[in-house]
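Me: I have a model open here and want to go through a few spots. Can you take some quick questions?

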Amino acid sequence: MTQPASRPPATVKPPFWRDPAKRALIFQLLMLAGVFGVLAIIVSNTLTNLESRGITTGFAFLDNTAGFGILQSLIDYSEQSTYGDTFIVGLLNTLLVSALGVIAATVIGFIMGIARLSPNWLISRLAAVYIEVFRNIPLLLQIFFWYFAVLRTLPSPRGSLSLGEAFFLNVRGLFVPAPITSSGFSVVIAVFVLAVVASGIFSYWNRQRQARTGQRLPAGWISLGLIIVAPLLAYFAMGMPLSWELPELKGFNFRGGITVVPEFLALWVALSVYTAAFIAEIVRSGIEAVPHGQTEVSRALSLSGGMTLRLVVVPQALRVIIPPLTSQYLNLIKNSSLATAIGYPDLVSVFAGTTLNQTGQAIEVIAMTMLVYLTISLLVSMFMNWFNARMALVER
């Protein structure tokens with residue numbers, strides 16, 4: 001006669017206060033309540049103090065007339081514009097110098113990082129000198145150097161350094177021709193966009209074809225030719241709908257064309273050169289992280305040095321380069337706030353500086369400025385994280 005199977009002992013449910021998961025949840029809720037309570041006390045005290053001093057709060061001041069001029073503006077701006085317009089002007093100026101700085105720093109940094117590993121002794125040492133010099137001098141001093149020691153010592157407008165009759169450089173800035181478009185130029189732009197899209201599709205098809213057959217077309221040259229030739233054909237077909245307004249010396253300064261103020265030039269060069277020194281070291285370390293056997297295999301396959309670098313080394317090095325490269329991009333964007341030291345009208349100088357001093361709306365102005373930098377940094381981080389995920393190795 002078989003014995004009935006014994007039942008497993010019933011599990012005893014622990015009390016609520018002894019459950020680690022529930023206890024952790026309670027502690028987190030208490031912590032959040034404490035944080036929000038402290039913030040509520042700070043906000044309440046701030047509003048009370050502002051009211052007692054007769055300081056108004058809110059964002060209605062953005063509709064008031066600014067009453068001051070701005071050195072550089074990418075939109076129509078005058079002294080009759082509002083404080084909201086000063087915010088937009090400062091934001092656009094910050095985005096302009098940051099975007100151009102990121103591009104220039106990336107190009108210079110990659111060139112110097114690769115040159116640092118060059119077998120040529122002179123090129124390698126020159127790159128090393130550049131990296132060590134510009135990386136170890138404070139950025140603010142470099143901004144002062146380019147502004148006061150270089151650009152402020154240029155000749156007056158009458159003695160400008162010129163390139164032909166189109167480009168002029170003097171103590172008041174760089175003067176370049178301004179494009180003037182007419183009807184039909186939109187067609188040229190549309191053809192250019194289509195050429196870029198077609199080049200991307202062709203490059204994708206070329207990679208798929210290489211993966212299937214092992215054969216590869218010179219996609220880079222074909223895409224470059226498509227992007228250049230197609231818009232040029234459209235340009236001539238539409239009757240050359242683009243002319244140039246040349247700067248001319250009239251009186252004591254140049255008139256016409258586009259004026260690039262020296263404050264922008266000094267800040268852009270300093271940010272680019274300084275950040276590029278750090279990017280160069282990141283590129284060097286990324287390339288050295290690629291196993292040496294990869295280059296030996298490429299040489300065994302009779303690949304040239306340029307093809308080895310472009311097709312074998314750099315794609316693998318990017319997986320090491322991209323994460324620290326993101327930090328350098330963020331540093332460059334935030335370092336652009338040093339523009340106030342030389343009077344470049346960025347967001348900090350124009351909005352968090354002059355606007356704040358005139359309106360006294362410190363909380364609103366500083367909060368908007370901080371939110372802008374936070375938003376830009378998060379967007380850049382999101383894009384670079386997406387790009388890093390695309391470049392990462394996919395395990396099978």
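Me: Which residue stands opposite Asn170 in β3?
Reply: Gly173 stands opposite Asn170. This is a predicted model, where local features need pLDDT of at least 70, side-chain atom pairs count only at pLDDT 80 or more, and totals for chains, interfaces and linings use all residues. Residues are numbered from 1 along each chain as its sequence is written, and side-chain values use heavy atoms, with hydrogens and water left out.

Me: How many bridges join β2 to β3?
Reply: Three bridges join β2 (residues 167-170) to β3 (residues 173-176), and the two run antiparallel. Strands here are DSSP runs of E, at least two residues, and helices are runs of H or I, at least four, numbered from the N terminus. Two strands pair if DSSP finds at least two bridges between them.

Me: What order do the strands of the open sheet have?
Reply: The order of the four strands is β1-β2-β3-β8, with antiparallel pairing. β1 (161-163) and β8 (258-260) are at the edges with a single partner strand each, so one side of each has no neighbour in the sheet.

Me: Switching to Val313. Buried or exposed?
Reply: Val313 is buried, at 6% relative accessible area (buried means under 20%, exposed over 50%, partly exposed in between, with a 1.4 Å probe and protein chains only). Val313 is in helix α9 (residues 305-335).

Me: What is Val313 in contact with, leaving aside neighbours within four places in sequence?
Reply: Ile287, Val290, Thr295 and Thr308, where contact means heavy atoms within 4.5 Å.
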